[in-house]
Amino acid sequence: MLNLTGTENRPPDGPPNSDEPLKSSEPYRPNKGRALAVTVSLLVYVGVTVLSIVAVGLGGYLPAAEVLPAEAGDEALSLSDLVTILMALLTLAVYVLTVVLFCMWVHRAYKNLPALGNPPKYLNYSPRWAVGSFFIPLASLVLPYIIVKEIWDRSDPSVRTETDLMFTPTGGSPLLLGWWIVWVVSNVLSNISFRLSSENAPPDTQAMLTNLSVLSDCFNIVAAVLAVLVVRAVTARQEERSRHVTYVAQGPPPPPVFSPQATPQT
């Protein structure tokens with residue numbers, strides 16, 4: 001298994017030294033469709049987030065006229081407030097869609113690892129763990145990166161033979177590390193802004209929280225762009241490696257053949 005430090009506990013005896021091509025008993029399932037879907041969704045999220053930042057910047061220049069009149073116990077809704085609410089709902093909808101598509105892509109990417117010639121004993125998690133790791137409190141700050149790094153390492157297209165499996169690099173990539181650091185920072189800033197937000201906060205505090213929210217959105221944009229690069233890179237690595245793996249279907253063993261017994265002569 002793999003601990004939270006990212007170090008692997010490999011079996012003491014690796015695969016036999018052999019220059020035979022990689023083989024797999026599981027078929028490789030292309031992930032290009034899911035990669036394209038999550039890429040489009042991430043880019044839409046970037047566009048919507050940019051519009052949200054622009055809306056916040058232009059909020060002070062919008063007319064202060066009431067769009068919805070005040071009702072009993074409620075305050076009137078200005079045009080600026082309406083634009084902010086609509087942009088927040090649109091951003092949330094695109095974000096949820098992006099999370100779903102990204103999890104589907106991660107599930108398929110991890111599920112393909114055995115089909116890329118990786119023996120199951122070398123894999124530390126499962127497709128379900130790969131998705132569920134993003135939703136575990138505290139562990140989600142580290143565990144998803146470790147799992148995506150494993151997907152990256154075990155999809156190395158330079159691995160062509162069983163011998164190569166013994167020397168598979170496990171250092172991940174600067175792209176993965178950069179994406180994850182930016183993603184964690186954006187989440188931390190977003191949580192701080194959300195927890196400190198209050199309608200009764202003084203104007204100076206409100207302005208500070210608005211700037212913090214915009215800064216979090218900027219980090220989200222960078223994280224989304226880096227995520228696009230990660231998705232494309234991992235998918236390309238798996239597609240390239242799949243071309244050098246031989247799929248060997250495992251069927252039921254053939255029925256036993258019994259030779260007819262000789263008839264004893266009297």
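Here is a chat about a predicted model of one protein chain.

Q: Before we start, what kind of model is this, and how are residues numbered?
A: This is a predicted model, where local features need pLDDT of at least 70, side-chain atom pairs count only at pLDDT 80 or more, and totals for chains, interfaces and linings use all residues. Residues are numbered from 1 along each chain as its sequence is written, and side-chain values use heavy atoms, with hydrogens and water left out.

Q: OK, how many helices and strands does the protein chain have?
A: Seven helices and four strands. Those are DSSP runs numbered from the N terminus: H or I over at least four residues for helices, E over at least two for strands. Starting at the N terminus, the order is β-α-β-β-α-α-α-α-α-α-β.

Q: And what share of the residues is buried?
A: Of the 266 residues in the protein chain, 38% are buried. Buried means under 20% relative accessible area, exposed means over 50%, and partly exposed is in between (1.4 Å probe, protein chains only).

Q: Switching to pockets: what's the volume of the second largest pocket?
A: About 560 Å³. The work is done on a 1 Å grid over the protein atoms alone, and a pocket is an open set of points with protein on both sides within 12 Å along at least five of seven lines; a lining residue has an atom within 4 Å of a point. Points are joined across faces, edges and corners, and the volume is the space filled by probe spheres set on them, with a 1.4 Å probe.

Q: Which residues lie nearest its centre?
A: Tyr95, Phe134, Trp180, Trp183 and Asn187, out of 25 lining residues. Two or more lining residues come from each of α1 (32–58), α2 (79–111), α6 (174–196) and α7 (203–242). The largest share, seven residues, is from α6.

Q: What classes of residue are in that lining?
A: There are 20 nonpolar, five polar and no charged residues. Here Ala, Val, Leu, Ile, Met, Phe, Trp, Tyr, Cys and Pro count as nonpolar, Asp, Glu, Lys and Arg as charged, and the others, Gly among them, as polar.

Q: Now salt bridges. How many are there?
A: Four, taking a salt bridge as a side-chain nitrogen of Lys or Arg within 4 Å of a carboxyl oxygen of Asp or Glu.

Q: Where do Asp153 and Lys149 lie?
A: Both are in helix α4, four residues apart, or about one turn of the helix.

Q: What does Arg237 pair with?
A: Asp156, with the closest N and O atoms 3.9 Å apart. Arg237 is in helix α7 and Asp156 in the loop between α4 and α5 (162–165), so the pair ties together parts 81 residues apart in sequence. Arg237 counts as buried because its relative accessibility is 17%, and Asp156 is buried at 8%.

Q: Is Arg243 buried or exposed?
A: Exposed, with a relative accessible area of 56%. Arg243 meets Glu240 in a salt bridge (2.7 Å, N to O), and Glu240 is partly exposed at 29%. Salt bridges with shared partners join Arg160, Glu240 and Arg243 into one network.

Q: Last one: where is Leu138, and what is its phi?
A: Leu138 is in the loop between α3 (127–132) and α4 (143–153). Its phi is near 65 degrees, a positive value in a residue other than glycine. Leu138 counts as exposed because its relative accessibility is 72%.
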